[in-house]
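These are comments on the model as it stands. Please read them with the coordinates open.

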Amino acid sequence: MITIRKAIDRGHANHGWLKANHTFSFANYHHPDHMGFRALRVINEDTVEPGAGFPPHSHQDMEIITYVLDGAVAHKDSTGGGGVIRPGEVQYMCAGAGVTHSEYNASKTEPLHLLQIWLLPNARGLKAGYAEKSFGDERNGRLKLVASGDGRDGSIKINQNTDLFASVLDEGAEVEHRFAPGRYGWLQVAKGGVEVAGAVMQPGDGARIEQEEVLRLKALAPKTEFLLFDLP
C-alpha cells in the first residue's frame, strides 16, 4: 500500500528569514495523523535567506541528517564537528546525551534550500557524534545508500536500523527497490517528478509505503532527485 502525502498538505511556516515545510508535526505545526512514520520523526524542507540561520541550540536523543538541495550550510557543534555542506554531501549528527549546534546559510547572496531529517535512535543517552560525506555523482542513475545502521557500501553509520538512499535520475530513467519482509518505506521527492504505482509525485510530496515487496520508480523530469527510506 502506497499513501501519498502531497506537498500542499504539509505544515507551513514563514518566519521571514526562514520558510519551512513540515511533512510531520514539528514546532507550532501539530497534526495527530502525521506525527512521524516508524523511526522517521521529522522531514523539514527549509529555505533560509542569505546570511541567516539557526543560532546555537540543543538537541537530545535524535539522529539528525541534513541533505542540501541548493546553496550551502555552515555547521558547528559542541562535539567539534563542523564544516560547509553543499549539494551531493550528507551531514549526520547524533544528538545522543546532548549536543549544541548552529546552522547558517554560508552565502551572503544566495538562498539555502535543504532537507533536515530526524530519526529516533535505537537507544537513549548515546555519545554525541558528527560525520559528513560527499556522494555527488554516485547518486546518478541509481539508488545510492548514503546512511545505514551498519555503515555498509560506504554509507554513513547511524544509530538506527534504517537505510537511506539518495537518487538523481534523468527523465525516463527507472530504479527499483526490494523491501525485506516486515520493512516499511518512505519516499520523499525533492526535485523533478516521480511516477510510482501509476501515481505522479512532485517536489515536496512524500509517500508512506507499507506491505510492498518491490517499489518501482520512474523519473518524469530531468535531474529528478529524491530520498528513499527503508525503515524497520
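1. Basis. This is a predicted model, in which local features need pLDDT of at least 70 and side-chain atom pairs count only at pLDDT 80 or more, while totals for chains, interfaces and linings use all residues. Residues are numbered from 1 along each chain as its sequence is written, and side-chain values use heavy atoms, with hydrogens and water left out.

2. Open sheet. Four strands, in the order S5-S10-S7-S8, make up an open sheet with antiparallel pairing. The edges are taken by strand S5 (53-59) and strand S8 (82-85), each with a single partner strand, so one side of each has no neighbour in the sheet. On average, neighbouring strands of this sheet are turned by 15° against each other, direction ignored. Strands (E, at least two residues) are DSSP runs numbered from the N terminus; two of them pair if DSSP finds at least two bridges between them. Axes are lines fitted to C-alpha atoms, and angles run from 0 to 180 degrees between N-to-C directions.

3. Pairing of S7 and S8. Strand S7 (residues 73-77) is joined to S8 by four bridges in the antiparallel sense. Valine 73 has isoleucine 85 in S8 as its bridge partner.

4. Largest pocket. The largest pocket holds about 370 Å³ of space. It is lined by 28 residues, of which Leu18, Phe26, Asn44, Asp46 and Phe54 are the closest to its centre. At least two lining residues come from each of strand S2 (11-14), strand S3 (18-22), strand S4 (40-48), S5, strand S10 (99-105) and strand S11 (112-119). On a 1 Å grid over the protein atoms alone, a pocket is an open set of points where a 1.4 Å probe fits, with protein on both sides within 12 Å along at least five of seven lines; lining residues have an atom within 4 Å of a point. Grid points are joined across faces, edges and corners, and the volume is the space filled by probe spheres set on the points.

5. Arginine 183. This residue sits in the loop between strand S16 (174-178) and strand S17 (184-191). Arginine 183 counts as buried because its relative accessibility is 15%; buried means under 20% relative accessible area, exposed over 50%, and partly exposed in between (1.4 Å probe, protein chains only). Its side chain reaches the backbone oxygen of asparagine 161 at 3.1 Å. Beyond four places in sequence, arginine 183 touches Asn161, Thr162, Asp163, Asp230, Leu231 and Pro232, where contact means heavy atoms within 4.5 Å.

6. Asparagine 159. The loop between strand S14 (156-157) and strand S15 (163-169) contains asparagine 159, which is partly exposed at a relative accessible area of 21%. Its side chain makes a polar contact of 3.1 Å with the side chain of tyrosine 92. A polar contact is a pair of N or O atoms within 3.5 Å; within protein, one must be able to donate a hydrogen and the other to accept it, and residues adjacent in sequence count only if both atoms are side-chain atoms.

7. Positive phi outside glycine. Aspartate 153 has a positive phi of about 55° although it is not a glycine, and is exposed at 57%. Glutamine 211 likewise has a positive phi of about 55°, and is exposed at 76% relative accessibility.
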